[in-house]
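User: I'd like to go through this model term by term. Please set each value against its cut-off.

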Amino acid sequence: MVQKKKGEVKEIGKVAIYPGSFDPITYGHIDIVERGLEIFNKVILAIAENEEKRPLFSVEERLQMVKTVFKDTPHVIVDSFKGLLVDYVAKTNAVVILRGLRATSDFEYEFHMASMNRSLNTHLDTLFMMTSKDYFFVSSRTIKEVARLGGAVDGLVPDLVVRRLKEKFKLPVAKKKQISWDD
Ligand code: PNS
């Protein structure tokens with residue numbers, strides 16, 4: 001709520017920014033968005049256009065996948081941004097940055113990022129949510145590695161992402177070849 005004039009209070013929905021590379025989106029990310037919506041009225045999922053990270057999927061491909069995943073979730077806004085996150089946040093009505101935290105290994109990276117963002121904008125806080133136990137081991141990086149080597153990532157990413165990964169790595173979309181030890 002924001003105090004407008006004396007005695008007049010304007011309701012503003014609390015909005016969180018959930019930034020990331022989402023290269024590609026996983027059920028771990030989706031879990032954070034869904035739980036974020038229990039706290040915030042709106043979640044802006046913001047895909048960073050950071051070419052230095054040499055993403056597997058272009059920003060357009062990532063936008064398309066994420067928009068499809070959340071097509072029936074009206075309180076999720078999907079967008080992309082270039083440059084500093086704090087500058088992007090300033091253009092929105094978000095009050096907080098939302099991030100998922102998997103294990104102690106994530107902590108240092110997240111701590112540095114949250115501290116840097118707070119030093120760039122002292123009004124901007126980062127809220128961390130512990131990843132649900134089912135997705136503790138899921139990261140976009142390991143998903144890409146497993147998929148590239150032909151492993152199954154079903155149940156860890158949406159079916160649409162499974163298909164896109166197979167297309168990227170030119171793997172057969174249908175059943176995998178069975179190896180018979182009798183051959
Ligand atoms: O999913 P990721 O790759 O861990 O997300 C990292 C991301 C995109 C949130 C972070 O790299 C970021 O905010 N990039 C934008 C550039 C920026 O603001 N850098 C300063 C913060 S350290």
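User: Which residues does H29 touch, not counting residues up to four places away in sequence?

Analyst: H29 touches Y18, F22, P24 and S140. Contact here means heavy atoms within 4.5 Å. The model is predicted: local features need pLDDT of at least 70, side-chain atom pairs count only at pLDDT 80 or more, and totals for chains, interfaces and linings use all residues. Residues are numbered from 1 along each chain as its sequence is written, and side-chain values use heavy atoms, with hydrogens and water left out.

User: Why does H29 count as buried?

Analyst: Its relative accessibility is 16%. Buried means under 20% relative accessible area, exposed over 50%, partly exposed in between (1.4 Å probe, protein chains only). H29 therefore counts as buried. This residue is found in helix α1.

User: How many helices and strands does the protein have, and what makes a run count as one?

Analyst: There are six helices and seven strands. Both are DSSP runs, numbered from the N terminus: helices are H or I with at least four residues, strands are E with at least two. Along the sequence the pattern reads β-β-β-α-β-α-β-α-β-α-β-α-α. Of the 183 residues, 39% count as buried.

User: Which residues of α5 are buried, and what puts them on the same side?

Analyst: In α5 (residues 140-148), the buried ones are S140, I143, K144 and A147. They cover an arc of only 95° around the axis, so they lie on the same side of α5. The arc is that of the directions from the helix axis to the C-beta atoms. In general, an α-helix has 3.6 residues a turn, so residues three or four places apart point the same way.

User: What covers those buried residues of α5?

Analyst: The cover includes α1 (27-36) and α6 (159-168). Just after α5, G150 takes a positive phi of about 90°.

User: Why are α2 and α6 called roughly antiparallel?

Analyst: The axes of α2 (residues 59-69) and α6 cross at roughly 155° and come within 10 Å. Axes are lines fitted to C-alpha atoms, for helices over the stretch in contact, and angles run from 0 to 180 degrees between N-to-C directions. Angles under 35 degrees count as roughly parallel, over 145 as roughly antiparallel, 65 to 115 as roughly perpendicular and the rest as oblique. The pair is therefore roughly antiparallel.

User: Which residues meet there?

Analyst: E61, Q64, M65 and T68 in α2 meet L160, V161, R164 and K168 in α6. By class, this contact has three nonpolar, two polar and three charged residues. Ala, Val, Leu, Ile, Met, Phe, Trp, Tyr, Cys and Pro count as nonpolar, Asp, Glu, Lys and Arg as charged, and the others, Gly among them, as polar.
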